[in-house]
Amino acid sequence: MPAVDKLLLEEALQDSPQTRSLLSVFEEDAGTLTDYTNQLLQAMQRVYGAQNEMCLATQQLSKQLLGYEKQNFALGKGDEEVISTLHYFSKVVDELNVLHTELAKQLADTMVLPIIQFREKDLTEVSTLKDLFGLASNEHDLSMAKYSRLPKKKENEKVKTEVGKEVAAARRKQHLSSLQYYCALNALQYRKRMAMMEPMIGFAHGQINFFKKGAEMFSRRMDSFLSSVADMVQSIQVELEAEVEKMRVSQQELLSVDESVYTPDSDVAEPQINRNLIQKAGYLNLRNKTGLVTTTWERLYFFTQGGNLMCQPRGAVAGGLIQDLDNCSVMAVDCEDRRYCFQITTPNGKSGIILQAESRKENEEWICAINNISRQIYLTDNPEAVAIKLNQTALQAVTPITSFGKKQESSCPSQNLKNSEMENENDKIVPKATASIPEAEELIAPGTPIQFDIVLPATEFLDQNRGSRRTNPFGETEDESFPEAEDSLLQQMFIVRFLGSMAVKTDSTTEVIYEAMRQVLAARAIHNIFRMTESHLMVTSQSLRLIDPQTQVSRANFELTSVTQFAAHQENKRLVGFVIRVPESTGEESLSTYIFESNSEGEKICYAINLGKEIIEVQKDPEALAQLMLSIPLTNDGKYVLLNNQPDDNDGNPSEHRGAESEA
C-alpha cells in the first residue's frame with residue numbers, strides 16, 4: 001500500500017499557520033469524501049431498492065401464477081397442464097424469490113450498512129470534532145486576549161492567577177480537541193479506503209452467491225480475486241489497529257506534560273533566555289492604529305526569514321513582509337499599560353511597529369533575535385558562533401550601574417590624557433575626521449561600566465539637602481538658584497533626556513563620543529532599559545547645567561572649561577554627547593563622556609557650547625569680545641539670537657529652536 005499522509009500530533013500544541021494550512025487540506029479532503037459518500041450511498045440504496053422491488057415482484061408473480069387455477073374461466077377445460085406448469089413456475093419463482101430475498105438481505109448488511117456506518121460514525125465524528133476544535137480555538141483566543149489585557153502596574157495577583165489558570169485550561173482544552181481531531185483525520189485516511197471497498201465486496205459476494213445457487217456463472221478466478229481483495233482489506237484493518245494504538249500512546253505522552261507548557265509566563269522569576277538566536281517564530285500581538293487616538297491589538301504569527309520580519313495570519317498559505325530588520329533597532333517600551341511590549345525602529349530613526357509577547361522569556365528572546373539579525377549576522381558563514389561571541393562581548397562590556405555611588409573602583413582610569421585645546425575653533429562645531437579611525441579598545445576600555453542615572457531624583461535631592469524648602473508653583477527659577485547666570489553673557493536652554501555616561505580613555509577625537517553612543521544604546525537594548533530622565537540643559541558662558549524641569553533644582557553642573565570634546569551623531573541628529581575632563585585626588589585626570597537625546601538637533605547644542613567657549617576665550621580681550629557679540633544678531637528687546645545656519649522645517653518655517661535667545 002502507498003504511504004498515507006498524516007498530521008503530526010507533536011505540532012498540535014504550537015498550532016502554527018503551517019499546521020493550520022496542512023489541516024485545511026485534510027478538511028478539504030474530508031469534505032470531498034463526505035459528498036462522494038452521500039452520492040455513493042444513494043446509488044447503493046437504489047440498487048438495494050431495486051433488489052427489494054425484485055423480491056416483491058417475484059413474490060407477486062408467484063401468487064399470480066398460483067391464482068390462475070382459481071380463475072373461473074368459461075372455457076377453462078384443458079388447463080390442467082397449464083395449471084401444473086404454472087405451479088412449477090410458481091415454485092421456481094418462489095425459489096428465485098428466496099434467492100432474491102437473501103440477496104437483498106445480504107446487500108443491506110454487506111453493502112448499504114457499511115457505507116451508512118462509515119458516514120454516520122466516521123464522517124460525523126470528524127465533523128463533530130471539527131466543531132469542538134473550532135470552539136476550543138475560539139475560547140483559547142478569547143482567554144489569550146483577556147490575558148494580554150492584564151495591566152502591568154497595580155494588577156491584582158488573584159485576577160492574574162485566575163486568568164492564567166483560565167488560559168491554561170483553554171490551552172489544554174484546545175490541545176486535547178486538536179489531538180482528537182488530528183487522530184480522527186489521520187484514521188480517516190485509512191477508513192475511507194476500507195469504506196470504498198467493503199461495500200463492493202459485499203455486493204460482489206451477494207451476487208456470486210445468488211448466481212451460484214442458480215447457475216455456475218462466476219469462475220474461480222473471480223473467487224480468487226475477491227479473496228485477494230478481502231485479504232487486502234484485512235491487512236488494512238490490521239495496520240489501522242496498529243496505528244490507532246500508536247496514536248493513543250502518543251496522545252497520552254503528549255498530554256502528560258507539565259502544566260507549565262500550557263501556562264504563559266510560567267517561569268517569570270528566572271526564565272531561561274537564549275540571547276544567541278538568529279531565527280525566531282511565534283505568536284505576537286501587533287498594535288494597529290485605527291484612528292487619531294484609538295488602537296487595536298491583533299494576535300498574529302510572526303517569524304524571521306533572513307533579514308526580514310514576516311507575518312502569517314491563520315489560514316494563509318504563506319507569510320508577508322512586515323519589516324526589514326537590517327540595521328534597525330529594537331527596545332522594550334511602555335505601551336497602553338501592557339506588559340512585554342517592544343518597538344522596532346527603522347535605521348532612519350522613524351518609529352516602526354510595536355509588538356507584545358506573551359511572556360518575559362519570549363519578549364527578551366525576540367529583542368535579542370532582532371538585535372542579532374539587525375547586525376546582519378545571518379550573512380556570515382557561522383552565524384550561531386558569531387552571535388554567541390558578540391553577545392558575550394556585549395555582556396562583558398556593558399555592565400549597567402544605576403548611580404555614581406555604584407561605579408566600580410576597578411573601572412579602567414584614563415591613560416595618556418591630552419590637555420591641549422583644539423587650535424581651530426571651527427573644528428569644535430564640526431570636528432574633522434582623522435586620517436584613520438581608532439579601534440574601539442583605543443577609545444573605551446573593554447568592560448567599562450555604563451551609568452544610566454545621572455544623579456538622585458530631584459525629590460530625594462530636596463529632602464536630603466534642602467529640608468522643607470518650598471518650590472515655586474509656577475516653575476520659575478529663584479533669584480539665588482543660579483547666581484552666576486546674572487553675570488553670564490550667554491544663556492541657552494535645551495530639553496534633553498539623559499541616556500548614559502561612561503569613562504573613556506581619550507578626548508583627542510570625536511570618535512570616542514560616537515563609540516560611547518553605540519555602547520550606551522546597545523546596553524539599553526540588551527538590558528531592556530527604556531526609561532530616560534528628562535532635564536533642561538542650560539548652556540552659559542561659564543558652565544553646563546542640568547536642571548529638573550519641575551522643581552528647577554540643579555541636577556548636575558559642568559564647568560565649560562572642562563568640556564574638551566563635543567559632537568552630534570552623524571546620522572541621528574538628536575543624539576549629542578560631550579567629554580568632561582575632571583581632576584582626581586591622585587593628581588591624575590579622568591575623562592567621562594555623557595550622552596543625551598534632545599528634542600532639537602544636537603548641532604544646535606554643539607553650537608551653543610562652542611559659542612560659550614569662544615566667549616571664555618575672548619573675555620580677556622574686550623575688543624574681541626565686543627566684535628564677537630556684534631556678530632550675533634539682536635532681537636528688538638536686546639537679546640542675542642543664536643543662529644547656526646540650521647535648516648528649516650519641512651513647511652519652510654524656521655525650526656522651533658532656531659531662534660533660541662541668549663541674555664547679553
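Helices (H or I, at least four residues) and strands (E, at least two) are DSSP runs, numbered from the N terminus.

The model is predicted: local features need pLDDT of at least 70, side-chain atom pairs count only at pLDDT 80 or more, and totals for chains, interfaces and linings use all residues. Residues are numbered from 1 along each chain as its sequence is written, and side-chain values use heavy atoms, without hydrogens or water.

Of the 16 residues of H9, 13 are buried, so the helix is largely enclosed by the rest of the structure. Buried means under 20% relative accessible area, exposed over 50%, and partly exposed in between (1.4 Å probe, protein chains only).

Strand S10 (residues 491-503) is also largely enclosed, because 10 of its 13 residues are buried. S10 pairs with two strands; pairing requires at least two DSSP bridges. With S11 (residues 533-540), S10 forms eight bridges in the antiparallel sense. Phe498 has Thr533 of S11 as its bridge partner. With S16 (residues 589-598), S10 forms seven bridges, again antiparallel. Here Met502 stands opposite Thr593.

Thr304 lies in strand S2 (residues 295-305). Its relative accessibility is 9%, so Thr304 counts as buried. Beyond neighbours within four places in sequence, Thr304 contacts Ile278, Gln279, Lys280, Leu309, Leu325, Trp366 and Ile373. Contact means heavy atoms within 4.5 Å.
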